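Here is a friendly briefing to read alongside the model.

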Amino acid sequence: MFFDRPESGETAILVHLILGTEHEPEDPREFEELVLSAGGDPVALVAGQRNAPHPKYFVGKGKLDELAELVQQTCAELVIFNHNLSPSQERNLEAALKCRVLDRTGLILDIFAQRARTHEGKLQVELAQLQHMSTRLVRGWTHLERQKGGIGLRGPGETQLETDRRLLRNRIKSILGRLDKVRRQRDQGRRSRLRAEMPTISLVGYTNAGKSTLFNRLSNAEVFVANQLFATLDPTMRRLEVNGFGPVVLADTVGFISHLPHKLVEAFRATLEEAASASLLLHVVDAHSDERSTNIARVNEVLGEIDALELPTLMVYNKIDLLENPAPRLDFDEAGKPVAVWLSAQTGQGFDLLAQAIASLLSNDIVHDTYRLLPTMGRLRAMLYERKAVLAESPSDNGNMLVEICMPRPDFYRLLQSEQLTPDDLQWQPCQSPSLTRPH
């Protein structure tokens, strides 16, 4: 009952207040983009300033009268607040304005409900919506009588309300169980990738930063792309070959937004865990946005909530084609490690620098050395060739073989363990010996 939507856009009046109690005010431009992404048709924006929200209507009496007059003049079907309202405030506003009232959390939940494509995504959205609506059920039964004392005065209202709440609790419990199964399946998939030594790269960033465009160009995929907030909701994964490194798994994730409702963070934890368990995060930033630094801070706030803030991260400044001097470049820290790449996912500028930075960051856990293999280690040499880990080799005078190896360190140690060897048994030699010859 929470997913019925009108076929056409709803005319909406937007309300944005600057509150003295807010440390970080919401952005009215982003608010309007959210409404448009939800399919709304904004006809007016009511702005104002208060020290604190009114306990009954959130807005003051004057603003309430102004809203009521605007609703009548524009025949608006909906009033949307760029703030989180309490259930009682929503009920009081609806009674005073004679139309539906929606807060910021309800608006974002509605967008997520429209974008969900997979079974898992729909479950996560439904869970968040049910948790949000569970405290707002009472307004659906205000037309029914309440139970009162005395013969003939016992109405069905409370009984129906209690029945709905019980059904909601049962449905929430059922969805939590199914999402727990999804989480276990994702954990199993991650363990399989770890056994195969397949690193995972996750794209994270503020919504509409260009993550899906970047994902499509990197992986030749056809993920839905649109210039709107939350165009991508369901995570998508593709295998990708990185020059100078090898195969990796690339994951596209849901975009973040300022003050992302906590219910959504909890509901989408199974999805967001893909980012939390990644080997490398590509933090995609809209380089052309005026709110660039603020959006970076907001994304880091959500990453902190899912314990992903300490993961290796490469900043990807996208949309440089919209800047005055669209020159791709790679930035390094004092230790010479790549920290940021400037590119355009739309035109492809700077993608060679991105591949270079990814290979460099992932290669921190790579063995790239030359070893002297004894004649008795023929099976180990064959397994190294099977994994395409041999870059060059050359026989020595005493029958030993000099082999230049490049492969993931855990995989290398696992091979040695299977042959009951240690790195010391292979007699390390300086890397890139000039006498080595490349295998054909």
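Aspartate 65 and lysine 61 share helix 2 (residues 61-74), where they sit four residues apart, about one turn of the helix. Helices (H or I, at least four residues) and strands (E, at least two) are DSSP runs, numbered from the N terminus. The model is a predicted one, so local features need pLDDT of at least 70 and side-chain atom pairs count only at pLDDT 80 or more, while totals for chains, interfaces and linings use all residues. Residues are numbered from 1 along each chain as its sequence is written, and side-chain values use heavy atoms, with hydrogens and water left out.

**Salt bridges**

- A search of the whole structure turns up nine salt bridges, each being a side-chain nitrogen of Lys or Arg within 4 Å of a carboxyl oxygen of Asp or Glu.
- One of them joins the side chains of aspartate 65 and lysine 61, at 3.1 Å from N to O.
- Aspartate 65 is partly exposed, at 40% relative accessible area, and lysine 61 is exposed, at 54%. The cut-offs are under 20% relative accessible area for buried, over 50% for exposed and partly exposed in between (1.4 Å probe, protein chains only).
- Another salt bridge brings together the side chains of glutamate 126 and arginine 171, at 2.8 Å from N to O. This pair links distant parts of the chain, with glutamate 126 in helix 5 (residues 119-133) and arginine 171 in helix 6 (residues 157-195), 45 residues apart.
- Glutamate 126 counts as buried at 17% relative accessibility, whereas arginine 171 counts as partly exposed at 29%.
- Lysine 319 and aspartate 286 also meet through their side chains in a salt bridge, at 3.5 Å from N to O. Here too the pair links distant parts of the chain: lysine 319 is in the loop between strand 9 and strand 10, and aspartate 286 is in strand 8, 33 residues away.
- Both partners are buried, lysine 319 at 18% relative accessibility and aspartate 286 at 17%.

- Seven strands form an open sheet in the order 6-7-5-8-9-11-10, with mixed pairing. Two strands pair if DSSP finds at least two bridges between them.
- Strand 6 (236-242) and strand 10 (329-332) stand at the edges with a single partner strand each, so one side of each has no neighbour in the sheet.
- From one strand to the next, the twist averages 25 degrees.
- Strand 10 runs antiparallel to strand 11 (residues 338-342), and four bridges join them. Arginine 329 has tryptophan 342 in strand 11 as its bridge partner.
- Helix 10 (residues 292-305) packs on the sheet and touches strand 5 (200-205), strand 8 (280-286), strand 9 (313-318) and strand 11, with its direction at about 150 degrees to that of strand 8. Contact means heavy atoms within 4.5 Å. Axes are lines fitted to C-alpha atoms, for helices over the stretch in contact, and angles run from 0 to 180 degrees between N-to-C directions.

**Aromatic pairs**

- The structure holds two aromatic pairs. Rings of Phe, Tyr and Trp (its six-membered ring) pair if their centres lie within 6.5 Å; planes under 30 degrees apart count as stacked, over 60 as edge-to-face and the rest as tilted.
- Phenylalanine 58 and phenylalanine 81 have ring centres 6.0 Å apart and planes at 80 degrees, so this pair is edge-to-face. Both of these phenylalanines are buried.
- Tyrosine 317 and tryptophan 342 form a stacked pair, with 4.3 Å from centre to centre and 15 degrees between the planes. Tyrosine 317 is in strand 9 and tryptophan 342 in strand 11, 25 residues apart, and both are buried.

**The whole chain**

- The protein chain has 13 helices and 15 strands.
- Of its 440 residues, 47% are buried.
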